[in-house]
Amino acid sequence: WDVEGGLPQVDAYLYSEEPNIVAGGLLAVGLINTNVRNDCDPAYGLLYESVTKENSAVRIGAIMGLGLAYAGTQKEEVSELLTEVIHDDSAPLEVVAFAALSLGLVFCGTCHEESVSTIVQTLMMRPEKELDNTFVHFLCLGLGLLFLQRQAEVEATLEVAKTLPARISGYLQTVLDVCAYAGSGNVLKIQSLLAKCGEHPEADEGDEWIADPQSVAVLGIALVAMGEELGADMAVRAYDHLIQYGDAAVKKAVPLAFALLHTSNPKLDVTDLLGRLSHDSNEEVAQSACLALGIVGAGTNNARLASQLRQLSSYYYKEPSCLFLVRVSQGLVHMGKGLLTLSPAHSDRALVSNVALAGLIITAFAGLDMKHTILGKHHYMLYYLFVAAQPRMLMTVDEQGEPLQVSVRVGQAVDVVGQAGRPKTITGFQTHNTPVLLSVGDRAELASEKYIPLTPVLEGVVILKKNPEWVEEMEK
């Protein structure tokens with residue numbers, strides 16, 4: 001995330017003759033600016049001209065770069081650029097789909113009116129024959145991301161979705177519902193999504209699309225339930241049943257749903273189950289499970305998972321597509337040398353970052369149709385994951401911003417809501433000097449009262465100020 005150091009290295013690729021190299025360079029500009037803010041704002045200046053180029057690979061590179069660089073910033077200039085692309089009837093559908101995804105990322109969870117109406121109009125105006133294309137699903141998802149976690153505010157758009165052609169109407173309704181209630185833990189929504197997963201629609205030859213909303217509903221259960229621990233555990237049990245009794249469309253989404261529920265949190269039962277599914281006879285299920293293993297273990301350096309993936313790579317040495325996904329997962333497990341996490345939850349798992357969640361959702365949706373996205377020409381969709389990547393270190397600085405070494409206790413977090421007195425908030429702790437790494441479910445507290453933290457939750461970068469009442473103990 002070093003903007004000054006990174007851009008000069010990428011610059012050379014932007015002047016290449018080969019359009020794919022230029023596209024990669026533009027995407028790299030976006031990635032370098034992901035999750036960081038820079039005073040001179042270089043990404044927009046470097047990317048905006050390429051959005052209207054002839055070559056669609058270059059356009060997608062620039063559009064995706066804009067989406068990554070400005071995720072969650074609600075920058076109006078980006079909106080104007082991308083709405084023009086989405087309105088353009090002559091643009092190929094995949095370019096429009098990437099523009100919708102980038103718009104969804106930039107205005108994630110804002111219900112931005114102009115963007116909503118633009119995408120809805122495009123879904124109405126696009127010719128019927130294009131609705132068979134996988135990328136229509138990403139247009140729907142772009143619209144869904146605008147309503148991320150907004151719950152009832154999605155109702156009006158849901159009504160509009162019912163008037164669209166049958167080919168995408170059911171799909172869009174499910175996507176909007178799932179995104180709007182993500183992270184809410186709403187039990188009624190989980191029940192209605194489970195009911196949808198339990199249906200067995202009669203699909204004729206060429207009508208496989210009827211089952212598409214079911215795949216989304218499976219992911220939806222994970223997204224809605226991720227809000228609280230109990231719901232997440234119950235969702236895992238529901239998925240056990242879905243694996244046994246569900247149709248193919250339901251089954252292939254289950255590993256990705258596990259990945260959303262346990263992002264960067266390699267629990268034994270989950271990795272074992274994904275390990276079993278990664279040897280499944282159904283190719284799509286096995287591929288999803290290979291990718292899910294990587295997301296579940298992302299940035300944890302988990303030794304057990306790493307050896308599991310090594311066995312998988314020798315098992316699939318003849319199948320290039322599965323092998324590719326296993327290699328990606330191996331990279332994810334050691335992401336950032338084990339210093340990063342993809343988990344969207346922060347502030348002691350009380351809040352969910354909209355932008356990080358959006359990046360995970362896009363990757364999971366791409367995983368529902370691997371043949372046309374990740375294993376096809378659009379393998380770079382995996383980069384959407386990195387909107388969610390953030391350091392899992394706890395760093396302490398003083399009020400001038402200089403690093404400060406203090407001793408902290410790190411241990412398993414204990415839920416102390418509603419207990420009287422001052423109960424212990426962590427158990428089984430070890431004392432370390434900052435900076436320290438916090439894994440999933442860990443909590444830190446300062447070992448002495450020499451400094452007072454300015455935030456109630458110790459994670460990320462914490463500013464400490466000296467405690468005026470602290471008296472150095474007499475040296476013996």
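1. By class, 13 nonpolar, 10 polar and 10 charged residues make up the lining of the second largest pocket, where Ala, Val, Leu, Ile, Met, Phe, Trp, Tyr, Cys and Pro count as nonpolar, Asp, Glu, Lys and Arg as charged, and the others, Gly among them, as polar.

2. The model is a predicted one, in which local features need pLDDT of at least 70 and side-chain atom pairs count only at pLDDT 80 or more, while totals for chains, interfaces and linings use all residues. Residues are numbered from 1 along each chain as its sequence is written, and side-chain values use heavy atoms, with hydrogens and water left out.

3. This second largest pocket has a volume of about 810 Å³, a pocket being an open set of points on a 1 Å grid over the protein atoms alone, where a 1.4 Å probe fits, with protein on both sides within 12 Å along at least five of seven lines, and lining residues having an atom within 4 Å of a point; the volume is the space filled by probe spheres set on the points, which are joined across faces, edges and corners. Of its 33 lining residues, Asp 212, Lys 252, Glu 284, Leu 368 and Asp 369 are the closest to the centre. Among the elements giving two or more residues to this lining are α12 (212–225) and α16 (283–296), and α16 gives the most, with four residues.

4. Elsewhere, four strands form an open sheet of mixed pairing in the order β8-β5-β11-β10 (strands are DSSP runs of E, at least two residues, and helices runs of H or I, at least four, numbered from the N terminus; two strands pair if DSSP finds at least two bridges between them). Strand β5 (residues 393–397) runs parallel to β11 (residues 460–466), joined by four bridges, and Val 397 has Ile 463 as its bridge partner in β11.
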